[in-house]
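The structure under discussion is shown below.

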Amino acid sequence: MASAGSEDGVPIDDYESLIGTTDVELLKKAWRHEKVAPEILRFETSLVQRSREQIQLMEETVEEFAQSGVDPLTVSLYQMDLDRTQFLLRSYLRVRLQKIEKYMFYILKTDLWNRLSEQEQKFAKRCTDDMGKHLDQSVLSKLPEGYKSILKQSTASENDDMIPEPKLGTFVICRSNGDIGTFELDDSDGVPLELLVGDLNILRYKSIKPLVESGQVDLV
Amino acid sequence: MYGRKACQLVKELASCESEQLSAYNADLFDQVTRECSTHHVELQTLIRKIQDEGLDTQATKNPDHFGALIHHLALVRNKRCLMAYMYNRADIVRSLRWKVGPVLPQEILGKLNFSETEYFKNHSAALDSYMSEMELDLTVDFVPPKDPYIQVRVLDDIGDVLLSDKSANLAPHSIHFLKRTDAEPFIAQGLMEELAN
């Protein structure tokens, strides 16, 4: 979305950092992270809220421009900007819903639950209910006593061993935001990795998970 | 051999092209559930036999114990196969909501069993209520927009329509250059197609 109007009089050096912190850039980053990370990330409540307000504002502006006979090219540029932002927002929410659909039982029983928005929690609840009902009537009700659980293979299992979990060991491509220094990976046999600013690495998601959460590395 | 039928069921799933649904194999599915019941009966008989002989069911390691174990493991494996079959089909059923829409054509419905049809409806409703709470339709805008205008070919006789920036006569087979937002509803209804550049 247009960041116009706010960068007047700002030196060129600050321009990039300013652009990097506009809501559109933040939304793009949130969307990229959500697409790449194997597990569901924290819902960006205020960012989504702000983006929606800006989208509405843009819609009004475009309409106003169209009515007051502003140059069609300008209007179409604004419209394009608006369309792209809306795509980002929709896609972001969509990717999250698809993760909820995929790992609903896992999310429901772990603290990932707290990462969902209120509406997503309702959706996840209904998802698990519907799925539970479906599996119950099509499979589990036909199995003998002691083997009817949806979470366990049989009553002999001590843990819930039938829950699909996100594969945290998948490799992701990440870029360091600053000099993080040496960082111990949990599968590198004690050989630490040095992460410098701008470095691109392909690593297992689970080993850099804390760095992603603290914003020290970006997923690309 | 134990577990062979369940394996066939999963193979059927795997041999399908990804995201394609094959017809629900009720016959084979029921055969596997019957096999499960047989295993359970055998398992119970063996356990009762061990108990009747006055032996501890946990500590005894005689042939009956291992026989019971085999039946238990075969049962658990069958369960996993049945669940995998149903669960992965449910994945595809859900993806149909995104790709096809809230109403499925008859040729797809024919491949689902009763419970799956119901599941599709329920899940569809869950998604709809999420979207209405968010006041945002998530089933549009699947590809990143490149241009606010696209070229479309009209497939059906739509007639004279007032669009947001002009009025147009959308006669069948005519080609137009329209605003993407104007054209999308027509494309979704199958009245137009987008022409690739």
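**Terms and basis**

A residue counts as buried under 20% relative accessible area, as exposed over 50%, and as partly exposed in between (1.4 Å probe, protein chains only). The model is predicted: local features need pLDDT of at least 70 and side-chain atom pairs count only at pLDDT 80 or more, while totals for chains, interfaces and linings use all residues. Side-chain values use heavy atoms, without hydrogens and water, residues are numbered from 1 along each chain as its sequence is written, and chains are lettered from A in the order in which they are written.

**Interface of chains A and B**

With contact taken as heavy atoms within 4.5 Å, 46 residues of chain A touch 47 residues of chain B. The two chains bury about 4400 Å² between them, 63% of it on carbon and sulfur atoms; buried area is the accessible area (1.4 Å probe) lost when two parts are put together, summed over both. A:Arg90, A:Arg94 and A:Tyr147 supply 14% of the area that chain A buries against chain B, more than any other three residues.

Three salt bridges cross this interface, a salt bridge being a side-chain nitrogen of Lys or Arg within 4 Å of a carboxyl oxygen of Asp or Glu. Helix H4 (72-109) and helix H5 (118-138) of chain A each supply at least two residues of the side that touches chain B. H4(A) gives the most to that side, with 16 residues. Helices here are DSSP runs (H or I, at least four residues), numbered from the N terminus.

**Salt bridges between the chains**

One salt bridge pairs the side chains of A:Lys122 and B:Glu133 at 3.3 Å, N to O.

Another pairs A:Glu101 with B:Arg94 at 3.6 Å, N to O. Because A:Glu101 lies in helix H4 of chain A and B:Arg94 in helix H3 (residues 63-99) of chain B, the pair joins two chains. A:Glu101 is buried at a relative accessible area of 5%, and B:Arg94 is also buried, at 4%.

**Salt bridges of A:Arg115**

The side chains of A:Arg115 and A:Glu39 form a salt bridge (3.6 Å, N to O). A:Arg115 lies in the loop between H4 and H5 of chain A and A:Glu39 in the loop between helix H2 (23-36) and helix H3 (45-67), so the pair ties together parts 76 residues apart in sequence. Both residues are buried.

A:Arg115 also meets A:Glu213 in a salt bridge (3.0 Å, N to O). A:Glu213 belongs to helix H6 (residues 205-213) of chain A, 98 residues from A:Arg115. A:Arg115 has a relative accessible area of 13%, whereas A:Glu213 is partly exposed at 47%.
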